[in-house]
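Subject: Structure handover

Hello,

Here is the structure you asked about, with my notes on it below. Please read them with the coordinates open.

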Amino acid sequence: MKSFHKMSKLYAPTLKEDPADAELASHRLMLRAGMIRKGAAGLYSYLPLAWRSLLKIENIIREEMDEIDAQEMLVPILTDEDLWKQSGRWNAYGPELMRMHDRHEHVYALGPTHEESFTDLVRNELRSYKQLPVTLYQIQDKFRDERRPRFGLMRGREFIMKDGYSFSADQESLQECYDQEKEAYAKICDRIGLRALQVVADSGQIGGDTSVEFMALAESGEAELVYCDDCGWAADVEAATAGVSLQSSGAGELEHIYTPQIFTIEDLADQLNVPTSATVKALALVSEESNKVVCFIPGDHELNDCKAEKFFGEYHLMTEEELAEAGLVRGFMGPVNLPEGIEVYADTTLKDIEFWTVGANEVDYHFLHAQQKRDFTISNWVDLISAKAGDSCPHCGAPLKSARGIEVGQVFQLGTKYSEAMGATFMDINGREKPLVMGCYGIGVSRTLAAVIEQYHDANGIFWPVSVAPYEVEIVPLDVNDEIVWPVATQIAAELSELGIEVLVDDRKERPGVKFADADLIGMPYQVICGKKAIASGTVEIKNRATGERSEVAISELAQMLAKKIKEQRA
Ligand code: ATP
Ligand code: MG
């Protein structure tokens with residue numbers, strides 16, 4: 001194998017300026033560092049630097065899959081229309097499925113995921129319980145005609161995915177396969193250096209999870225999450241039902257109070273000198289079935305669209321006209337003296353609050369101490385609000401934190417959905433024919449690369465974790481024509497390579513400033529800076545790209561010392 005690589009031979013066309021249409025750091029930096037180039041919307045070429053990182057991510061996945069006896073293989077990207085019709089997904093998948101036909105007018109889809117292909121593969125040959133369980137996986141390009149391909153590798157139309165499928169004889173065995181994959185996925189994130197949360201996407205009947213998403217924490221993530229640092233519980237705010245601690249504004253007689261110039265909950269809380277959590281917010285909406293509804297939620301929380309749609313279908317908030325027609329007053333709605341013909345819903349967290357501070361259904365007036373049962377009753381208690389930071393963890397009660405996340409992987413218990421639809425059966429121990437019990441497990445390899453950069457970048461560029469860095473060390477000889485500097489730089493490069501370290505040498509005849517800027521941009525974990533003066537005194541400088549820390553090291557000790565440090569971080 002070649003000992004080290006030279007920058008002059010590397011195809012990594014860097015850009016000095018930020019590309020105009022790249023919003024996300026990962027997209028911008030991958031373009032600038034010459035790692036990716038766009039072919040068309042959502043289609044990217046991976047250039048050598050990106051490819052080296054991707055292979056490292058793939059190999060970490062391979063090693064962890066090997067640990068749990070999952071076997072790598074490959075099925076065709078083109079999938080026969082018939083298979084999709086058998087599973088019922090030909091229509092269900094919709095326009096995201098990229099379809100095409102061959103010269104004989106036979107129709108295919110470019111696989112967006114391969115449950116059908118793998119189920120088809122095993123259905124005639126995995127026949128006995130004695131052969132089970134089996135887990136197969138592949139790492140392959142996937143195709144999805146996303147409505148909005150964007151953010152570079154984050155949401156492509158062609159992207160690299162590791163997808164795996166397990167086949168078991170029963171639920172207990174599926175649970176084992178699923179738990180093993182879940183653990184392997186956590187290790188993979190860990191080894192790659194991704195800080196990721198396991199978010200329960202679906203709960204089973206007995207309370208355990210049947211699907212978990214791995215969410216890499218990043219400000220730019222699409223998902224809004226709440227999580228608990230104490231016990232590790234995490235959820236999408238859309239799905240979470242967290243504990244909400246509300247304050248009571250105190251007991252007393254129903255009091256009709258004059259509250260002019262109140263436009264928001266904050267105004268009201270200010271004027272009454274109570275926290276917003278001691279107030280009740282009212283929202284008037286029209287349900288899909290044209291029912292007029294008023295919802296009450298804690299003053300410091302927001303109505304959650306997804307949850308609301310469960311009860312009200314495609315609803316909309318009342319317009320001024322609809323409010324007037326219903327006899328409601330914006331900003332002053334409350335459960336006492338509501339006009340006729342209004343359905344009343346309230347968030348379940350308000351159930352334990354006996355006295356409410358609410359609007360009086362009258363311009364410029366509120367009620368203090370409106371008491372449940374005495375002054376009003378709520379007919380429908382439902383879960384309506386988005387969880388937020390500070391709410392309490394439903395598992396352990398500790399205060400939740402909020403974050404945003406990028407979905408990098410998902411594990412799923414499929415059960416017999418595909419095996420039943422496609423007739424994939426086996427003989428159980430009693431000679432009875434049964435459908436295989438399946439699980440599926442996916443990691444977005446190319447999206448993971450983008451997620452790593454979202455977590456590992458600063459104003460100057462990328463700082464790779466060692467485990468997935470394209471090279472581990474970049475050697476920066478400040479003057480390649482110098483007869484002392486160049487031999488020392490290549491000697492160090494050769495020594496490090498000899499010790500198994502991946503080295504890139506910037507052999508270009510560029511000014512030091514250009515080299516430093518590029519080294520910071522492409523972000524190898526360690527830079528070894530070889531300058532004439534330092535070498536004359538027997539040293540070179542090491543810069544840790546992540547921390548910016550610099551140290552002078554004797555040339556004679558450098559290779560051993562740096563190699564040791566890097567190997568410790570390889571994971
Ligand atoms: P999303 O909700 O982001 O569209 P998904 O839930 O549809 O993703 P899965 O079917 O669970 O995706 O696919 C497994 C993994 O493949 C995802 O966790 C993600 O990392 C990756 N992935 C999915 N769609 C894309 C895409 N368009 N571009 C890049 N990676 C993707
Ligand atoms: Mg998913």
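This is a predicted model: local features need pLDDT of at least 70, side-chain atom pairs count only at pLDDT 80 or more; totals for chains, interfaces and linings use all residues.

Glutamine 86 sits in helix α3, which covers residues 81-87. Setting aside neighbours within four places in sequence, glutamine 86 touches Arg123, Ala421 and Met422. Its C-alpha atom is 61 Å from that of isoleucine 529, a residue 443 positions away along the chain.

Leucine 97 is 11 residues from glutamine 86 along the chain, and the two C-alpha atoms are 16 Å apart. Leucine 97 belongs to the loop that runs between α4 (89-92) and β6 (98-101). Is leucine 97 buried or exposed? With a relative accessible area of 3%, leucine 97 is buried. Apart from neighbours within four places in sequence, leucine 97 has contacts with Trp84, Trp90, Ala109, Leu110 and Pro112.

Next, the protein as a whole. It contains 15 helices and 32 strands. Of its 571 residues, 54% are buried. The C-alpha trace spans about 90 × 70 × 45 Å along the principal axes. The protein exposes about 26600 Å², and 48% of that area comes from carbon and sulfur atoms. If one takes the contacts between residues at least 6 apart in sequence, 69% of them join residues at least 24 apart.

Then one helix pair. Two packed helices are described by the angle between their axes and the distance between the axes. Helix α1 (residues 25-32) packs against helix α11 (residues 445-455) at an angle of about 100°, and the axes are 8 Å apart. The two helices are therefore roughly perpendicular to each other, because angles of 65 to 115 degrees fall in that class. On the α1 side the contact is made by Ala25, Ser26, Leu29 and Met30, and on the α11 side by Leu449, Ala450, Ile453 and Glu454. These residues divide into 6 nonpolar, 1 polar and 1 charged.

Two other helices deserve a line each on burial. In α5, 6 of the 8 residues are buried, so this helix is largely enclosed by the rest of the structure. The buried residues of α5 are Glu115, Glu116, Ser117, Phe118, Thr119 and Val122. In α13 (residues 512-522), the buried residues are Val514, Lys515, Asp518, Ala519, Asp520, Leu521 and Ile522. Just after α13 comes glycine 523, with a positive phi of about 75°.

Last, the backbone. Most residues other than glycine have a negative phi, and most peptide bonds are trans. There are exceptions to list here:

- Leucine 132 and proline 133 are joined by a cis peptide bond, with omega about 0°. Proline 133 lies in the loop between α5 (115-122) and β8 (134-143).
- Phenylalanine 151 is not a glycine, yet its phi is positive, at about 60°. It is found in the loop between β8 and β9 (158-168). Phenylalanine 151 is buried, with a relative accessible area of 13%.
- Serine 290, also not a glycine, has a positive phi of about 65°. Its place is the loop between β15 (280-286) and β16 (292-298). Serine 290 is exposed, with a relative accessible area of 56%.

Regards

Key: Residues are numbered from 1 along each chain as its sequence is written. Chains are lettered from A and ligands numbered from 1 in the order in which they are written. Side-chain values use heavy atoms; hydrogens and water are left out. Axes are lines fitted to C-alpha atoms, for helices over the stretch in contact, and angles run from 0 to 180 degrees between N-to-C directions. Helices (H or I, at least four residues) and strands (E, at least two) are DSSP runs, numbered from the N terminus. Angles under 35 degrees count as roughly parallel, over 145 as roughly antiparallel, 65 to 115 as roughly perpendicular and the rest as oblique. Contact means heavy atoms within 4.5 Å. Ala, Val, Leu, Ile, Met, Phe, Trp, Tyr, Cys and Pro count as nonpolar, Asp, Glu, Lys and Arg as charged, and the others, Gly among them, as polar. Buried means under 20% relative accessible area, exposed over 50%, partly exposed in between (1.4 Å probe, protein chains only). Accessible areas come from the Shrake-Rupley method with a 1.4 Å probe; for residues, only the protein chains shown count as cover.
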